[in-house]
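Take a look at the model below.

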Amino acid sequence: MRIVGLVIRAKPEHLDSVSTALTALPGVEIHGRDDDAGKLVVTVEDVPGAATTETLTQVQLVEHLVCLTLAYEYSDHEPEGAATTAAPAATQPDTCEAAAHAG
């Protein structure tokens, strides 16, 4: 099992089409939305027939997506004897902010 949490930015006028495209992908669920800022809080998880890594590649190709930030990753696929991991992504400056206002 693998779950990835993302913060996705799109130009606000394209947020509906981005949301529709994302929810059509396997294992994608939208948990939060800020229409004014063009932000979505999304999880992607493994589902039968679609690994998280494959879906993440499809997410990156969604039209009108400005950028995405990995906020969280969890995986219970660890070698035998290793601890299960659940860790937030490292804190980074919001590079999406500049990209959302560009062009």
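**Packing around one valine**

Leaving aside neighbours within four places in sequence, Val-59 is in contact (heavy atoms within 4.5 Å) with Leu-6, Ile-8, Leu-22, Leu-25, Val-28, Val-44, Leu-65 and Leu-68. This is a predicted model, where local features need pLDDT of at least 70 and side-chain atom pairs count only at pLDDT 80 or more, while totals for chains, interfaces and linings use all residues. Residues are numbered from 1 along each chain as its sequence is written, and side-chain values use heavy atoms, without hydrogens and water.

The largest nonpolar core holds 16 residues. Such a core is a set of buried Ala, Val, Leu, Ile, Met, Phe, Trp, Tyr and Cys residues joined through side-chain atoms within 4.5 Å. Buried means under 20% relative accessible area, exposed over 50%, partly exposed in between (1.4 Å probe, protein chains only). Ile-8, Leu-22 and Val-59 touch the most other members. S1, H1, S3 and H2 each supply at least two residues of this core; helices (H or I, at least four residues) and strands (E, at least two) are DSSP runs, numbered from the N terminus. S1 gives the largest share, four residues.

Now the helices. In H2, the buried residues are Thr-52, Thr-55, Leu-56 and Val-59. They cover an arc of only 105° around the axis, which puts them on the same side of H2. The arc is that of the directions from the helix axis to the C-beta atoms. These buried residues of H2 pack against S1, H1, S2, S3 and S4.

H1 spans residues 15-23, with Leu-15, Val-18, Ser-19 and Leu-22 buried. Its buried residues fall within an arc of 100°, so they line one face of the helix. The face turned away carries exposed Asp-16 and Thr-20.
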